[in-house]
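Subject: Handing over the structure, with notes on what was found

Dear colleague,

I would be grateful if you read the notes with the structure open beside them.

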Amino acid sequence: MPRKKIDLKYDIDYLSILDKDGEVDSDLEPDIDDDRLLDLHRAMLLGRRFDERMLKLQRSGKIGTFAPIHGQEASQLGAVACLEEEDWLVPSFRETAAEIWRGKAMENVLLAYAGFNEGAHVPKGVNNLPVSVPVGTQALHAVGIGYAMKLKGKKEVAMVFFGDGATSEGDVHEAMNFAGVFQTPTVFICQNNHWAISIKRSHQTRSETIAQKALAYGMPGIQADGNDALAVYAAAKEAVDRARAGDGPTFIECVTYRMSVHTTADDPKRYRSDEEVEKWKERDPIDRFQKYLKDKDLLSDDAIEALESEIKDEIKAAVKGWEKRMAELTDKTGMFDNVFAEMPPYLAEQKEAFEKTLSS
Amino acid sequence: MAKLTMVQAINLALHQEMKKDEDVVVLGEDVGVDGGVFRVTDGLIDEFGEERVMDTPLAESGIAGFAIGMALYGLKPVAEIQFSGFAYIAFHQMEAHAARLRGRSGGRFTVPMVLRMPYGGGVRALEHHSESREAYWAHTPGLKTVIPSTPRNARSLLVSAIRDPDPVIFYEPKASYRAFKEEVPDEEETFPIGESQIVREGDDLTVIAYGAMMRPTLEAADKLKEDDGIDCEVIDLLTISPLDDAKFTKSAQKTGRILVVHEAPRSFGPGAEIITRLVEKSFVYLEAPVRRVTGYDVVIPLYQREFDYLPGVDRIVSAARETLDFKA
């Protein structure tokens, strides 16, 4: 036959384990120990409450522009929960909860969004890249990092995050292509939150799923319910295990929804309806995860209440710590540091001239 | 000690650094099996294997971003962009990340990579194969931009660039790739990035140039000596950024007359920065307006006319004479 269907190596599955009412598909339920489940729940709740606190701080002028994560707690935390400490996290700018899970101090998050470069600084030995603002560019770094891991014979994994909008950027495609060609231990997590500022998912690409883009680069791709922490975890675990075993990259599309603004400089009422947002409220990732944990007798209303209070105190302490740090950051010459390992003479001259303007 | 072309000298540097340090890797389009379209990476894949000499897909931004990732993990990638005219899509990765990650992370992450690329005209090439746009890179805080001029300094500067803890743009004058040979020592040799070199001493006129322009500049200096008895002091910048202004400002204080030669378009070119530094640091010593002999502010023409664009011996000599003749 001159014309027939081509059988591709991979198919695209959709994975959902907890439905929107929190009912679990026990055949697919991943094996996560109870403490881990509770840690995950705590991190989701903390992520949500911290996000709410930051929005208030922004609205009252205490911090600048930031990108809220509301609604995307499961799609990022379910994924990073599969990483080991030595693995690398390569974030975009909407993974605050994932960064906190990986050890970033909330006071540093606040510091960065309050306009202090020091907030983005990374402690020695920590394998979490700083936030990357130019959309999709960081995907290539996760592939290079993965290649280096492989060359060094390390069983480590690099996990990179980006959104649905980023899948229109060339760098994401170049990254997926390189990852496929060089079989790097890279896990691509696309948080498809349906909106790239005002551009809706259907206008970003005609592709029926974003996950299927994996096929073009010869890697497995899967679409997971991004508001289902168990589905994201299961998909990411499979991908991380595959990468660690030396079997190459995976692309995961987490179907989620940006419940809040793109950034605090954005007004979504200009481009989307309240009804759409309301519909997604029913699919809240935290509500259904709490239902699941209650059904497993791991959580109760009392325990949630106690946890909420604990988190409130933790955030309060972080805000205090951040305010103290800001007051202590009086050295204005930091912009001249770390341009290069060694300061060239012309920069030293400029620093000296700047210092003179401070003392005059 | 052997007489090598610049292509062979760069190859020697890569060879020796890869042998010495297993973190050094080479990547780019056609750099492996083919040995690079100019054969700069010839033979490396045979000795070091395809894991350290990577033929990449045809994607310049991919090459830069992939190399940045490797460097973040601790490798020392030497990435090749086949022609500088195709590097602009890699520019974004270099500007947004390579140049900034040290500062952004407070020193936790560094990007010790080299992005090599042949630049410049004079080889009868197609469009986009002859530009000299070093100013884009040199204008970027956090990047170093190095332009060698001879086989020997290409070798020693590349070794220094590979060992440098920060990202280095290594702009190779393709017109000089095979134009002449020079003795290059077998034993390793480095040359500090950020240092220029006085290649000819003189008291009458300071001529500042770099890269492929060194040859017509030195030829012009010979002619000025022969025909007019003029002694030019010729400075080879070698590094465009960080710019070494110490040697040329000192030289200007001696000669009082300055000529800057570059192949890049004139406006906002490296000459503008060089002359500003001269005015800032040696103003009272200047005896004549500082002159530039440069490419014009046009796209370099195809090869029938490219030598009309490129500064040559005659343009340099006549600009030198005008500078010398100037009386206030």
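A polar contact here is a pair of N or O atoms within 3.5 Å, where within protein one atom must be able to donate a hydrogen and the other to accept it, and where residues adjacent in sequence count only if both atoms are side-chain atoms. By that rule, 16 residue pairs are in polar contact between chain B and chain A, both residues of each pair being at pLDDT 80 or more.

Before going further, please note that this is a predicted model, in which local features need pLDDT of at least 70 and side-chain atom pairs count only at pLDDT 80 or more, whereas totals for chains, interfaces and linings use all residues. Residues are numbered from 1 along each chain as its sequence is written, chains are lettered from A and ligands numbered from 1 in the order in which they are written, and side-chain values use heavy atoms, with hydrogens and water left out.

The interface

With contact taken as heavy atoms within 4.5 Å, 46 residues of chain B touch 41 residues of chain A. The two chains bury about 3,500 Å² between them, 66% of it on carbon and sulfur atoms; buried area is the accessible area (1.4 Å probe) that two parts lose on being put together, summed over both. Of the area that chain B buries against chain A, 22% is supplied by Phe66(B), Tyr73(B) and Arg108(B), more than by any other three residues.

A salt bridge is a side-chain nitrogen of Lys or Arg within 4 Å of a carboxyl oxygen of Asp or Glu, and two of these are counted between chain B and chain A. In one salt bridge, the side chain of Asp23(B) meets that of Lys152(A) at 2.5 Å, N to O. Helices (H or I, at least four residues) and strands (E, at least two) are DSSP runs, numbered from the N terminus. Strand 3 (53-55), helix 3 (60-73), helix 4 (88-98), helix 5 (101-104) and helix 10 of chain B each supply at least two residues of the side of chain B that touches chain A, and the largest share, eleven residues, comes from helix 3 of chain B.

The two sheets of chain B

Two strands are said to pair if DSSP finds at least two bridges between them. One open sheet has seven strands of chain B in the order 3-2-4-5-7-6-12, with mixed pairing, and its edge strands, strand 3 and strand 12 of chain B, each pair on one side only. Strand 2 (residues 24-28) of chain B runs parallel to strand 3 of chain B, and three bridges join them; the partner of Gly28(B) in strand 3 of chain B is Asp55(B). Helix 1 (residues 6-20) of chain B packs on this sheet, and its direction makes about 135° with that of strand 2 of chain B, where axes are lines fitted to C-alpha atoms, for helices over the stretch in contact, and angles run from 0 to 180 degrees between N-to-C directions.

The other open sheet has five strands of chain B in the order 9-11-10-13-14, again with mixed pairing, and its edges are strand 9 (197-200) and strand 14 (291-295) of chain B. Strand 10 (residues 205-209) and strand 11 (residues 232-236) of chain B pair in the parallel sense over five bridges, with Val234(B) as the bridge partner of Val207(B). Helix 8 (residues 214-228) of chain B lies across strand 9, strand 10, strand 11 and strand 13 (258-265) of chain B, at about 170° to strand 11 of chain B.

Strand 13 and strand 14 of chain B run parallel and are joined by five bridges, and Leu259(B) has Arg291(B) as its bridge partner.

Local features

Most residues other than glycine have a negative phi, and most peptide bonds are trans. The peptide bond from Ser241(B) to Pro242(B), however, is cis, with omega near 0°, and Pro242(B) sits in the loop between strand 12 (239-241) and helix 9 (246-255) of chain B. Asp297(A) has a positive phi, near 60°, and lies in the loop between helix 11 (285-295) and helix 12 (301-328) of chain A.

With kind regards
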